[in-house]
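Q: Could you take me through how to read the features of a fold, giving the general idea before the particular case?

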Amino acid sequence: MGQMSTDRPRLHREPAVSLPPLVEPVPELTTDEIRRYSRHMIIPDVGVVGQKRLRNAKVLCVGAGGLGSPALMYLAAAGVGTLGVIDFDTVDESNLQRQVIHGQSDIGRPKAQSAAESIREINPGVEVVIHDTALDRENIFDIFGGYDLIVDGTDNFATRYLVNDAAVLLGKPYVWGSIYRFDGQASVFWAGEPANGPCYRCLYPEPPPPGMVPSCAEGGVLGVLCASVGSIQVTEAIKLITGIGEPLVGRLIVYDALEMSYRTIKVRKDPDCVLCGPNATQTELLADYEDFCGAVSVEAQEAAADATITAADLAEWRQAGKDFLLVDVREPAEFEIVRIPDSVLIPKGDITSGEALSQLPQDRQVVLHCKSGVRSAEALATLKAAGFRDAVHLQGGVLAWVNQVDPSLPTY
Ligand SMILES: [Zn+2]
């Protein structure tokens, strides 16, 4: 029996803005279910009827990664009747630092299957639906259509805008979260009735310029941050399903793990939102979300067009004793993990700001590389514009080098 604190401070609260429950209750719970969920049902706000609503709820989790792991585990434990898992990735060793729904023996297995097994172990009463596919504009309406609520645990802007646009067009609520290093954000986006709240585009009308916001794979993330943000998402999902409390509609939570602070920022519905505003111009999904978010900027694409070498080329150049300077444009922490021999470190920001250009030789060819080839292409565009005409960059970055030339090196 756990300890329960009874000395909860009685703070004055503004009257809550509530929404009606999203899901109708099932008629009955079994005796087993009543035993299992008793700690929920004795909370007056949840009660038997709240648990019956959870039992009848169908929730889809987009991604079984950092946020999807804790989200799926707690949704399962809470007794959500049907859980959809969509992920087409496989479990990698570098996932295990935060993706706690997977274990050592799952390395190499599809994440959706590994997650489904963990869910069944936590709660065999949950019906798990595996979507072992990538979400795209062709399948998203079909897949979303089967669920009451979406929990978004995606890690890239293209999928994030796709999820938002489909949810808004279907009038469905979704709980969004994002994580980076020590910082987390979460909100509930529900532009349809009865919430009439803002959508993701109201908050972020345009994706950030390519290369401006590093992914967790490039910038890192504190593993436990996923639990902090994922648990906020599950809390909001439970509140929406059961109709209790004040949902996070129109508010953004900003969590700072280093300060250990949560700030709440009001998010207003943007009257000019192209998707959910009164004069919305976007009435269907975009043709290409990758293109919309531009994995690599136009300048970088042009710079790299005839100035890209492969890892095999680089290995040959080294063997042939060709004279060039190999510049690693990643961050110092990444350089510590793995590096290509004889490379020098000059982070991308120092190149694109122009600060480090004087450190580069005019009389030797410069070869740029990063982790996967995006940042080096951006830096290459700066170099070309500054007159380094024979500069090139390495396709696929240090990951390609490890995969194709020296598999004894670690990847991250
Ligand atoms: Zn909007």
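Q: In which sense do strand β1 and strand β4 pair, parallel or antiparallel, and over how many bridges?
A: Strands of a sheet pair through backbone hydrogen bonds, and they may do so either parallel or antiparallel. In this model, which is predicted, strand β1 (residues 58–62) pairs with strand β4 (residues 149–152) in the parallel sense, over 4 bridges.

Q: Which residues point which way from β4, and are they buried or exposed?
A: In a regular strand the side chains alternate between the two faces of the sheet. In β4, Leu149 and Val151 point to one side while Ile150 and Asp152 point to the other, and all of them are buried.

Q: In what order do the strands of the sheet lie, and which stand at the edges?
A: The sheet is open and consists of 8 strands in the order β3-β2-β1-β4-β5-β6-β7-β8, with mixed pairing. At its edges stand β3 (127–131) and β8 (261–266), and because each has a single partner strand, one side of each is left without a neighbour in the sheet. On average, and with direction ignored, neighbouring strands of this sheet are turned by 15 degrees against each other.

Q: Which helix lies across β2 and β3, and at what angle does it run to β3?
A: That is helix α5 (residues 111–122), which lies across β2 (82–86) and β3 and runs at about 175 degrees to β3.

Q: How many residues of helix α4 are buried, and what do they pack against?
A: Burial is judged here by counting neighbours, with a residue called buried if 20 or more other C-beta atoms lie within 10 Å of its own. By that count helix α4 (residues 68–78) is mostly covered, since 9 of its 11 residues are buried, including Leu72, Met73 and Leu75. The buried residues of α4 pack against α3, β1, β2, α5, β4 and α10. Just after α4 comes Gly79, which takes a positive phi of about 95 degrees.

Q: At what angle do the axes of α3 and α10 cross, and which residues meet there?
A: The axes of helix α3 (residues 47–56) and helix α10 (residues 225–242) come within 9 Å and cross at roughly 105 degrees, which makes α3 roughly perpendicular to α10. Gly50, Arg53 and Leu54 of α3 meet Ile238, Ile241 and Thr242 of α10, and the residues of this contact divide into 3 nonpolar, 2 polar and 1 charged.

Q: How many helices and strands does the whole chain have, and what is its radius of gyration?
A: The chain has 17 helices and 13 strands. Its radius of gyration is 24 Å, close to the 22 Å that the globule rule gives for 412 residues, so the chain is as compact as a globular protein of that length. Buried residues make up 40% of the 412 residues, and among contacts with a separation of 6 or more, 70% are between residues 24 or more positions apart.

Notes: Residues are numbered from 1 along each chain as its sequence is written. This is a predicted model: local features need pLDDT of at least 70, side-chain atom pairs count only at pLDDT 80 or more; totals for chains, interfaces and linings use all residues. Helices (H or I, at least four residues) and strands (E, at least two) are DSSP runs, numbered from the N terminus. The radius of gyration is taken over C-alpha atoms; the globule rule is 2.2 Å times the number of residues to the power 0.38. A residue is buried if 20 or more other C-beta atoms lie within 10 Å of its own, exposed if 12 or fewer, and partly exposed in between; C-beta atoms are placed from the backbone. Two residues are in contact if their C-beta atoms, placed from the backbone, lie within 7 Å. Axes are lines fitted to C-alpha atoms, for helices over the stretch in contact, and angles run from 0 to 180 degrees between N-to-C directions. Angles under 35 degrees count as roughly parallel, over 145 as roughly antiparallel, 65 to 115 as roughly perpendicular and the rest as oblique. Ala, Val, Leu, Ile, Met, Phe, Trp, Tyr, Cys and Pro count as nonpolar, Asp, Glu, Lys and Arg as charged, and the others, Gly among them, as polar. Two strands pair if DSSP finds at least two bridges between them.
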